[in-house]
Amino acid sequence: MELKLEQGDYVPDGAGGFETLEGAHALLARVLFRLTARRGQFPFLPEMGSRLYLLGREKPSARETLALQYVTEALAQETGLAVLDTELQEDGTGAAVLTVNLEWQGTPLAVQVDVTL
């Protein structure tokens, strides 16, 4: 069970607590958090986060392969989750959308993350 986050804030449930997520919704919340947090940002959790922020430093021809590597690395601690592939769509203005295709307990899942290049 995970607490629901929206724009960095926990979502109140109207009864003095916070909304929670379970199952695939909780997993996707953790995945988004791991992919958007910068790896090394948390001193006591050095393996938390991804290195996707480094993609802009790489040659455009290497970005797709590195995106898959960085996503796999960031999600390695999620048990029962398999990273199937990634697709990086650059818009030419220094921004991109990364689509990550996953499989969890036999269920296909997908998540999209905005990436600055």
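Predicted model: local features only at pLDDT ≥ 70, side-chain atom pairs only at ≥ 80, totals over all residues.
**View 1. Val-31 and its partners.** Residues are numbered from 1 along each chain as its sequence is written, and side-chain values use heavy atoms, with hydrogens and water left out.

**View 2. The largest nonpolar core.** This core has 23 residues; such a core is a set of buried Ala, Val, Leu, Ile, Met, Phe, Trp, Tyr and Cys residues joined through side-chain atoms within 4.5 Å. Val-31, Leu-35, Leu-52, Leu-55, Leu-98 and Leu-102 have the most contacts inside it. At least two core residues come from each of H1, helix H2 (60-74), strand S5 (81-90), strand S6 (95-104) and strand S7 (107-116). Helices (H or I, at least four residues) and strands (E, at least two) are DSSP runs, numbered from the N terminus.

**View 3. Arg-34 in helix H1.** Look for Arg-34 within H1, residues 23-36. Arg-34 is buried, at a relative accessible area of 11% (buried means under 20%, with a 1.4 Å probe and protein chains only). Its contacts outside four places in sequence include Met-48, Ser-50, Ala-74 and Glu-78.

**View 4. Arg-34 beside Gly-49.** Although 15 residues separate Arg-34 from Gly-49 in sequence, their C-alpha atoms are 4.5 Å apart in space. Gly-49 is also among the contacts of Arg-34.

Methods
Buried < 20%, exposed > 50% of the residue type's maximum accessible area, 1.4 Å probe, protein only. Contact = heavy atoms within 4.5 Å.
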